Amino acid sequence: MKKRPRVVVITGGTRGLGRALAEAFLGTGDHVWCLARGRAGRPPHGAHFIPTDILKASAVADVTRREKRAAKPTPAFPVDLATAAAEVRVRAGKIDIWINNAGGGSPVPFADPDDAAWRAVFDLNFHGVVNGCRAAVPMLRGRGSVVINLASLAGLMAPAGHSAYTSAKAAVIALTRSLAVEYAAAGIRFNAVAPGPLDTPGFRAAGGNPAARARSIPTRRLVRPAEVVSACRWLCEPNASVTGEVIVLDGAAAAAGCYA
């Protein structure tokens, strides 16, 4: 029997890990919708694109804003996540899978007096996921639907100088587990993927040294985006009991207690 295409929504889906996820689901015949900043790259061929506003009106795609602001998305006037989700539902007829991938941010030591920097990291990495989940749930197909939240090994361990990011990702893990319980009866599964350091173009462009970073990992290699994609795809299989889980991909770094 031929598999019916699923409708997959990915925040931050135009570059890096988000783009890799979009390409993977397109490759399995699914319909993919990328929500991202208009200036943050373009989606892969075959994917749909909606510019979204998460934090403020001047940001072309910000996941921390969910209230309605515009009827139709345009690069100059992006929409919030709730409007984007409703747009996908109308145009695609359903939403099966929602992946809260958007995130990132610079290290913010706790002693740093810049409260705005702390809030920016927390807003993007936690409140962006909250708003994504709130936007997704009313639009999901119902039983059999899947929400995946991208967390981080930093949410389970504590690298120095990353208190804002670590706190935000730990909150994502707690939120995922809580929502898995809350929506179990509705048949919506919530899971998280927590990768260790990823070998991405962004990591290298920011001056990261993959070889040096890998020396702190028992497997002596960084996590590859394809491995995260594989985990996400498996979580989207019809495994009704797999919910409230956190899949850690870290080359045994957490087991060895060596997340530097």
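Helices (H or I, at least four residues) and strands (E, at least two) are DSSP runs, numbered from the N terminus. This is a predicted model, in which local features need pLDDT of at least 70 and side-chain atom pairs count only at pLDDT 80 or more, while totals for chains, interfaces and linings use all residues. Residues are numbered from 1 along each chain as its sequence is written, and side-chain values use heavy atoms, with hydrogens and water left out.

**The whole chain**

Of its 260 residues, 50% count as buried, where buried means under 20% relative accessible area, exposed over 50%, and partly exposed in between (1.4 Å probe, protein chains only). Switching to a surface view, the chain exposes about 11,900 Å², of which carbon and sulfur atoms supply 55%; such areas come from the Shrake-Rupley method with a 1.4 Å probe, and for residues only the protein chains shown count as cover. Among the contacts (heavy atoms within 4.5 Å) in the chain with a separation of 6 or more, 64% are between residues 24 or more positions apart.

**Salt bridges**

Side chains of opposite charge can pair when their charged atoms come close. A salt bridge is here a side-chain nitrogen of Lys or Arg within 4 Å of a carboxyl oxygen of Asp or Glu, and the structure holds six of them.

Select Arg6 and Asp30, which form a salt bridge with their closest N and O atoms 2.8 Å apart. This pair links distant parts of the chain, since Arg6 is in the segment before β1 (7-11) and Asp30 is in the loop between α1 (16-27) and β2 (31-36), 24 residues apart. Arg6 and Asp30 are both buried.

Next select Lys94 and Asp96, whose salt bridge has its closest N and O atoms 3.2 Å apart; Lys94 and Asp96 are buried as well.

Then move to Arg221 and Glu227, which form a salt bridge with the closest N and O atoms 3.0 Å apart. Arg221 counts as partly exposed at 27% relative accessibility, and Glu227 is likewise partly exposed, with a relative accessible area of 31%.

Select Asp250, in the loop between β7 (246-249) and α8 (253-256). Asp250 is buried yet has no salt bridge, and the nearest side chain of opposite charge (Lys and Arg count as positive and Asp and Glu as negative; His and the chain ends are not counted) is that of Arg221, 9.6 Å away. What the side chain of Asp250 does reach is the backbone nitrogen of Ala254, at 2.7 Å, and one of its polar atoms lies 3.0 Å from the backbone nitrogen of Ala252. Show the neighbours within contact distance as well: not counting residues up to four places away in sequence, Asp250 touches Leu153, Gly196, Ile217 and Val223.

**Backbone angles**

Most residues other than glycine have a negative phi, and most peptide bonds are trans. Stay in the loop between β7 and α8, where Ala252 lies, and check its backbone: Ala252 has a positive phi of about 70° although it is not a glycine. At 35% relative accessibility, Ala252 counts as partly exposed. Now select Arg220, in the loop between α6 (210-214) and α7 (225-235), where phi is near 60°, again a positive value in a residue other than glycine. Arg220 is exposed, with a relative accessible area of 54%.

**Aromatic pairs**

A pair of aromatic rings is described by the distance of the centres and the angle of the planes. Rings of Phe, Tyr and Trp (its six-membered ring) pair if their centres lie within 6.5 Å, and planes under 30 degrees apart count as stacked, over 60 as edge-to-face and the rest as tilted. By this rule the count comes to three aromatic pairs. Select Phe110 and Trp118, whose ring centres are 5.8 Å apart and whose planes are at 75°, so the pair is edge-to-face. Phe110 is exposed, with a relative accessible area of 67%, whereas Trp118 is partly exposed at 25%.

Finish with Tyr183 and Phe190, whose ring centres are 5.8 Å apart with planes at 40°, so this pair is tilted. Tyr183 counts as partly exposed at 24% relative accessibility, while Phe190 is buried, with a relative accessible area of 0%.

How values were computed
A polar contact is a pair of N or O atoms within 3.5 Å; within protein, one must be able to donate a hydrogen and the other to accept it, and residues adjacent in sequence count only if both atoms are side-chain atoms.
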